[in-house]
Every structure is written in structure tokens, then in C-alpha cells.
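Biologist: I would like to learn how to read a model of this kind, feature by feature. Where shall we begin?

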Amino acid sequence: MKDKNAHEEEPLDEASLGAVRDALAEFVDVICRRTPRALSVFIASPIHGSWRAIAACGQSEPRIVSGQNLDQTEYSWARGHEPPTSKSKKARLAEALRLCEPIMLHDGGFFGNLCFVASPANATANASLRGSVAAFADMAALLVGEVQTRGNAEIKLAEATAAADERERFMAVLAHDLRSPLGTVQAIGQAVSVAPDRANLPAIAKTLLAAAARMSTLIGDVLDLARARLGGGIPMRWQGCAELADQFAQIVEEARAVHPNQPIISDIQIARTIDCDPMRLQQLFQNLLDNAFSHGAPGQPIAVVARISGAELELRVANEGAEIDPAMSARLFEPFWRAKGKLRPEGLGLGLFICQHIAGQHGGQIRVESAAGTTTFVLTMPVSRA
């Protein structure tokens, strides 16, 4: 059996502790009211690092109240290590009887002590009361275990419900976004089968390839989500990359071609080799640019800055437009999340989630700054893995 004075269990979270405290408060109140000799009943526990009364009932002096610190010497008996007394037997019998029984949980963990202060009586009555207090301690252990089990079950149910809701949203969004490029492919196939026009084949092929690329991107995002959540993370192919500036510049040029009416101000200066997966960093940069085009004010410039600062690479992608509510900032990186009242842009809503995961795999982080009509996503990561 574990030493009841050596508490090594993980502390309860505030919600679980509150439920346990409420249940024990009712329990000690019942004991106090139904036991004629009871002067005070309380639960002493070190679950928050110091000994406290987490539930108490009674009027004995000094009165113990819920939440009271019990680390003082006069409460050593409640902590399970009462020092020897030199008082005579007659003097001890005239005093209130103080009993302390450990509350041992079903897994062998120590929760605390059930402490009982009773009016004095004869030896036979005291022995009977000791048996009752021991039984009360066992009942308290069962009560704590039952409350914790119920709390764990409620947490698991909430998690399962949230996961089910997320799966439903995911399937709905995926089906919606795949329908558009698939419809394009089907329409082109029907048109070609009925009246093939060789003169239009280049344009048809271009549209067909764009639709296929769109579907490929969606499928790739789904695979990245699965790898990030279920496997060992999105796989990385590490190498020393000296061409990252050129690769970022190429992405900017492609974006300018696709969005000719949206200016891009680019300042990319990465004049050293970066330890990274260049394909994944390009994916991250592309996602941030796509996000800026989707949420930025039409026609207003998007600013891209990439620099080496000390031992870190810093990439900033900024767009003008409505500011992000600070309460929403933390949720931006959740998969499938959309702010209420906003039109849903194309995509599964996985772009920023994947960006955050890629940043983490590179030992970095990504954050959002939104003020004065400008929203900026900032990646910082070490240039070397050493």
C-alpha cells in the first residue's frame, strides 16, 4: 500500500475537483447530522500541493471550514501523523476524540483523510465510533471514484460527439468541394464525346487539368490531416535548401498570373541554406497566400516578406481587410472551422491547420496579428536543425 502521506497522484482539473468537492460536502454533512457524537467532520487532502479541508461540517472549536489550510502544526493529526502526547489518561478521556482515516482509492492512490472530531465517551463507544469512521472513509473513496468515473465518461462522450460532428462536417465539405471539379470533368467528357472539336482541345485540356489539380489538392489535404492526427505527423524530407528564395519567388509569380487584379508586394531575402523540407515550406507559403486572397479586401495589395533574422527564418504574409476578432484567433488553426456569418471560401478549411503542423515539424511556430485593417500571418522557424 502506498504511503498515505506521500501524494504522487496527478492533480484533478478544476471541473473534476469541483464535482468531487460538492459530492464530499454533502457526504460529510450527512455524517455530521446523523452521528450524535459528531462535533466536526472534514476531508483533509493534499491534492493541490498543500493540505486543505476540501469539505467540512460542524461547529467544534477551532472550527474547520472548507478550503482552510491545514499545514499548521495543530492540524498534524488531520494529516495522519499526530505526535505522541504526554497527557494523562484521565486528561485525554476528557478531551474531544479525534479520529483520522485514510481515503484510499480503488487504484491504490491516496486521496486524503476523513477526519472526525467527536465528544468524549467510554472506551467501548470510542472503539465502535472508530469502526464507523473507517467505514465512512471507505464510502468516501467509493464516492470520489464514482464522481471521477462519471466525469471521465462525460468527457469521453463530449469528445466522441465532437468527433462525430467533425466527421459529418468534413464529409459534407469534401462532398461539396469535390462536386465542382468532378462536374467540370464530366461536362468536358460529355462535350468531347458528342461533338469533339479539335480546335478547342488545348483549352479543354487546360480546364480538365485544372479540375484534376483541384481534386488532387483536396485529396492531398485529407491525407495530410490523417497523417497529422493519426500517424507520426506529416512526413518530412529533410535537406539543406539554398534555393528557397527562388522557390518562394516562383510561387509569387504564379499567384500574380492567377490573380492579375490583386497586387503582390514581395520582399524575399533568404541568402543562406535552410535545413527544411522545401516542398512542405512551399505548401505552407502557398496556403498562406491562398488564405490572403480568400479573406483580403479585393484589389488591395498583399505583402510578402521573407528574411533571415539571426538563427531564424521569418516569413510574413499580410493582407488588408476586416480585422480578426482576438477571440477567434486561436480557432483559426482548427480544421474545418469557419467564423459564423462568413461566406465559406473554397477548400476544406485545412490550410491553416496544415500550416501550423508543418511549422511545428520544423521546430517553429505560426501566429496571426490583426490590427489597423491589416492581418498578418507570421512563420518563425530555426534555419538549422542542429
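This is a predicted model: local features need pLDDT of at least 70, side-chain atom pairs count only at pLDDT 80 or more; totals for chains, interfaces and linings use all residues.

Biologist: How should I read spacing along a helix?

Modeller: An α-helix has 3.6 residues a turn, so residues three or four places apart point the same way. In H8, Leu-352 and Cys-355 are among the buried residues, as are Ile-354 and Ile-358.

Biologist: What does the chain contain overall?

Modeller: The protein chain has 8 helices and 11 strands. It runs to 386 residues, and 38% of them count as buried. For contacts with a separation of 6 or more, 66% are between residues 24 or more positions apart.

Biologist: How many residues of helix H6 are buried?

Modeller: In H6, 13 of the 18 residues are buried, so by the under-20% cut-off for relative accessible area the helix is mostly covered. H6 spans residues 278–295 and reaches 26 Å from its first C-alpha to its last, close to the 26 Å expected at 1.5 Å a residue. At its start, a side-chain oxygen of Asp-277 comes to within 3.1 Å of the backbone nitrogen of Met-279.

Biologist: Now a loop. Is Thr-35 buried or exposed?

Modeller: Compare its relative accessible area with the cut-off: buried means under 20%. Thr-35 has 14%, so this residue is buried. Thr-35 lies in the loop between helix H1 (14–34) and strand S1 (38–45). Leaving aside residues up to four places away in sequence, Thr-35 touches Phe-116, Leu-129 and Phe-136. Its side chain also reaches the backbone oxygen of Ile-31 at 2.8 Å.

Biologist: What about a charged residue that is buried?

Modeller: Arg-79, in the loop between strand S2 (52–58) and helix H2 (89–94), is buried yet has no salt bridge. Why does Asp-71 not count as a partner? A salt bridge needs the nitrogen and the carboxyl oxygen within 4 Å, and Asp-71, the nearest side chain of opposite charge, is 4.8 Å away. The side chain of Arg-79 does reach the backbone oxygen of Leu-70, at 2.7 Å.

Biologist: How many salt bridges does the structure hold?

Modeller: The structure holds 7. One of them joins the side chains of Arg-307 and Asp-267, at 2.3 Å from N to O. This pair links distant parts of the chain, 40 residues apart: Arg-307 is in strand S8 (residues 302–309) and Asp-267 in strand S6 (residues 264–269). Arg-307 is partly exposed at 35% relative accessibility, and Asp-267 is partly exposed at 24%.

Biologist: Which residues are linked in a network of salt bridges?

Modeller: Glu-314, Arg-316, Arg-367 and Glu-369 are linked in this way. Glu-314 is partly exposed at 27%, and Arg-316 is partly exposed at 23%. Arg-367, at 32%, counts as partly exposed, and so does Glu-369 at 30%.

Conventions
Residues are numbered from 1 along each chain as its sequence is written. Side-chain values use heavy atoms; hydrogens and water are left out. Helices (H or I, at least four residues) and strands (E, at least two) are DSSP runs, numbered from the N terminus. Buried means under 20% relative accessible area, exposed over 50%, partly exposed in between (1.4 Å probe, protein chains only). Contact means heavy atoms within 4.5 Å. Lys and Arg count as positive and Asp and Glu as negative; His and the chain ends are not counted. A polar contact is a pair of N or O atoms within 3.5 Å; within protein, one must be able to donate a hydrogen and the other to accept it, and residues adjacent in sequence count only if both atoms are side-chain atoms. The expected span of a helix is 1.5 Å times one less than its number of residues.
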